[in-house]
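These notes are meant to be read with the structure open beside them. Please go through the points in order and find each residue as it is named.

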Amino acid sequence: VQVVSWSEMEASVILPILKKKLAFLSGGKDRRSGLILTIPLCLEQTNMDELSVTLDYLLSIPSEKCKARGFTVIVDGRKSQWNVVKTVVLMLQVILVSANKLTRYIEPCQLTEDFGGSLTYDHMDWLNKRLVFEKFTKESTSLLDELALINNGSDKGNQQEKERSVDLNFLPSVDPETVLQTGHELLSELQQRRFNGSDGGVSWSPMDDELLAQPQVMKLLDSLREQYTRYQEVCRQRSKRTQLEEIQQKVMQVVNWLEGPGSEQLRAQWGIGDSIRASQALQQKHEEIESQHSEWFAVYVELNQQIAALLNAGDEEDLVELKSLQQQLSDVCYRQASQLEFRQNLLQAALEFHGVAQDLSQQLDGLLGMLCVDVAPADGASIQQTLKLLEEKLKSVDVGLQGLREKGQGLLDQISNQASWAYGKDVTIENKENVDHIQGVMEDMQLRKQRQNMVDVRRLKMLQMVQLFKCEEDAAQAVEWLSELLDALLKTHIRLGDDAQETKVLLEKHRKFVDVAQSTYDYGRQLLQATVVLCQSLRCTSRSSGDTLPRLNRVWKQFTVASEERVHRLEMAIAFHSNAEKILQDCPEEPEAINDEEQFDEIEAVGKSLLDRLTVPVVYPDGTEQYFGSPSDMASTAEHIRDRMKLVSLKRQQLRHPEMTSTES
């Protein structure tokens with residue numbers, strides 16, 4: 001920045017001398033517009049060296065243009081000794097003029113009150129403002145140099161030098177905001193053209209335009225604002241670069257940990273365990289690994305948000321780098337998260353596989369224990385219940401084995417995909433151990449099920465037992481049915497018919513009834529034969545076959561005897577009714593047949609034999625007796641036969657004595 005230079009002597013350095021007011025520039029001007037320099041001598045001895053220093057300082061303030069117009073020096077010796085005045089006059093080489101002649105050269109308004117003028121001058125106020133001005137000038141000039149160095153260094157370092165430029169980290173020695181505020185306050189006071197305490201009259205600033213104060217302050221302020229604006233942009237760029245470098249550093253920390261220790265942790269975890277407890281222990285270890293990864297994933301989320309914010313407000317030159325960082329971070333984090341999820345799913349599948357294997361093993365043990373206990377035939381219901389339980393266990397084992405195969409195959413499929421994120425690591429050995437273990441468990445369970453071939457034998461034995469009890473129950477039922485048929489035969493099959501035709505119908509029904517009984521008997525015999533075969537197969541003795549067979553045979557013999565008796569009675573009744581019906585019918589074309597006495601005798605003999613047979617009980621092979629029907633039933637049947645015999649007897653008498661028939665007619 002091009003500014004007007006001043007003497008190396010500063011007011012702050014010679015402040016004690018300046019405070020003595022050995023000389024001063026009041027701001028007044030002579031008629032030639034030259035500045036008035038006043039030297040007020042006092043009673044005390046004036047130090048010429050100090051006066052010389054003061055004059056040098058005061059004469060360094062005006063511009064060269066102002067100096068060219070010359071100075072009017074007022075040496076006030078009214079309070080000093082003549083020799084001192086003489087010394088000063090000789091030193092300055094000035095012309096002496098009496099005080100009352102000053103107005104010839106200087107307007108009264110340009111003279112201070114000490115010389116009868118009206119110009120107001122406050123030396124301490126001027127000195128304080130001068131100190132402020134010089135301090136501002138010094139600080140602003142120094143600050144401008146520093147800012148220019150920082151800004152120029154930043155511009156030069158935008159390419160290769162940016163990384164190694166020491167000026168980028170350099171901070172100004174003073175606060176630019178404070179310096180700017182001081183300059184604005186100073187300029188404001190200069191523009192008011194007065195100092196503190198100047199009231200009334202014409203007051204000229206001792207630092208007006210010709211003293212370079214206001215223009216110099218304005219130039220410095222303009223330069224400061226320009227450089228400070230550039231500096232703020234440099235700081236913004238520096239902050240952005242610093243933030244970008246911090247983000248890059250954090251990104252690399254996350255990436256290096258995930259691809260380093262994080263990946264090593266996962267690479268070290270390949271097993272799936274050989275039991276539920278082992279898989280659970282591996283899951284717990286994996287949860288610890290996930291917990292460590294979660295801390296870095298939290299950093300990833302924070303970094304991703306920061307990068308997104310920078311992308312929204314970033315410059316074009318940073319977009320490529322930011323997107324590259326974001327993509328790199330996302331790729332690594334997502335890949336690592338996928339690996340963690342894959343490992344978790346693999347361990348969960350292994351846990352489920354071992355759980356199914358353990359359940360299946362317990363089911364096989366239970367099935368084996370059931371097969372090792374001999375089944376004693378108690379009753380059909382208990383055997384059926386045991387058989388049902390066996391079938392349920394077999395079904396449960398089959399379902400469990402199928403579930404084990406499905407879980408195992410799913411686990412093998414997952415393991416086959418494990419090499420896709422192995423980072424080049426040869427996982428053949430680790431995978432082979434896992435695959436061998438899974439296949440070994442499935443093969444072992446299959447062999448255990450196949451070894452239990454006695455299941456089919458046990459099932460067959462239990463089915464035979466169920467069949468044995470069923471045959472015995474059905475055989476006993478056949479005996480009951482046959483007994484019921486025998487009871488029905490004796491109690492309800494009593495009637496012999498009112499004529500030959502009805503009796504023949506009854507005989508035909510009886511034969512069908514006998515066929516039913518025969519079928520029942522044969523069915524019972526077959527069931528009992530089946531029980532014998534089943535007992536031989538089961539190597540046991542039937543509890544009911546020894547009792548049921550004699551009962552069946554006894555009831556059948558009783559039925560046979562009663563049936564035969566029933567057939568004899570029906571056949572006799574058919575013969576009786578047939579012969580009686582022939583005689584009782586009027587047959588004029590065959591009178592000789594009716595007149596045969598032997599027929600009447602035969603009918604009478606058959607009728608009596610039938611009546612006698614009705615009164616005779618059925619005698620079973622064991623000697624027991626049983627009557628058909630009740631006494632009233634037998635009496636009713638016998639009464640009907642007697643009535644028919646009476647008709648035959650009456651017919652016989654009519655044939656013997658025809659006249660009796662006519663007389664009666």
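1. Accessible areas here come from the Shrake-Rupley method with a 1.4 Å probe, and for residues only the protein chains shown count as cover. On that basis the protein exposes about 37000 Å², of which carbon and sulfur atoms supply 51%. The model is predicted, so local features need pLDDT of at least 70 and side-chain atom pairs count only at pLDDT 80 or more, while totals for chains, interfaces and linings use all residues. Residues are numbered from 1 along each chain as its sequence is written, and side-chain values use heavy atoms, with hydrogens and water left out.

2. Overall make-up. Helices (H or I, at least four residues) and strands (E, at least two) are DSSP runs, numbered from the N terminus. The protein has 18 helices and five strands. A residue is called buried under 20% relative accessible area, exposed over 50%, and partly exposed in between (1.4 Å probe, protein chains only). Of the 665 residues, 40% are buried. Contact means heavy atoms within 4.5 Å. Among contacts with a separation of 6 or more, 81% are between residues 24 or more positions apart.

3. Strands 2 and 3. Two strands pair if DSSP finds at least two bridges between them. Strand 2 (residues 35-40) runs parallel to strand 3, and six bridges join the two. Which residues of strand 3 are on its covered face? They are Thr72, Ile74 and Asp76, whereas Phe71, Val73 and Val75 are on the uncovered face of this strand, residues 71-76. In a regular strand the side chains alternate between the two faces of the sheet.

4. Two residues with positive phi. Most residues other than glycine have a negative phi. Lysine 21 has a phi near 55°, a positive value, and belongs to the loop between helix 1 (15-19) and strand 1 (24-29). Its relative accessible area is 28%, so lysine 21 is partly exposed. Serine 33 also has a positive phi, about 70°, and is placed in the loop between strand 1 and strand 2. With a relative accessible area of 33%, serine 33 is partly exposed.

5. A charge over a ring. The rule is that NZ of Lys or CZ of Arg is within 6 Å of the ring centre and within 35 degrees of the ring normal. Lysine 21 meets it, lying over the face of phenylalanine 24 at 4.9 Å from the ring centre.

6. Aromatic pairs. Rings of Phe, Tyr and Trp (its six-membered ring) pair if their centres lie within 6.5 Å; planes under 30 degrees apart count as stacked, over 60 as edge-to-face and the rest as tilted. The count is seven aromatic pairs. Tyrosine 228 and tyrosine 231 make a stacked pair, 6.2 Å centre to centre with 25° between the planes. The two tyrosines are three residues apart in helix 7 (residues 213-267), so about one helical turn separates them. Both tyrosine 228 and tyrosine 231 are buried. Tryptophan 556 and phenylalanine 559 are also stacked, at 5.8 Å centre to centre and 15° between the planes. These two are three residues apart in helix 14 (residues 545-584), again about one helical turn. Tryptophan 556 is buried at 14% relative accessibility, and phenylalanine 559 is buried at 1%. Phe513, Tyr521, Trp556 and Phe559 form one aromatic cluster.

7. Nonpolar cores. A nonpolar core is a set of buried Ala, Val, Leu, Ile, Met, Phe, Trp, Tyr and Cys residues joined through side-chain atoms within 4.5 Å. Which members of the largest core touch the most other members? They are Leu404, Leu411, Ile438, Leu482 and Phe559, out of 52 residues. Helices that each supply at least two residues of this core include helix 9 (316-372), helix 10 (380-416) and helix 11 (428-451). Helix 12 gives the most, with 13 residues. A second, separate core has 24 residues, among them Ile14, Leu41, Leu58 and Val89.

8. Leucine 468 is in helix 12 and is buried, with a relative accessible area of 4%. Leucine 468 and leucine 527 are 59 residues apart along the chain, with 9.0 Å between their C-alpha atoms. Glutamate 480 is in helix 12 too, but is partly exposed at 38% relative accessible area.
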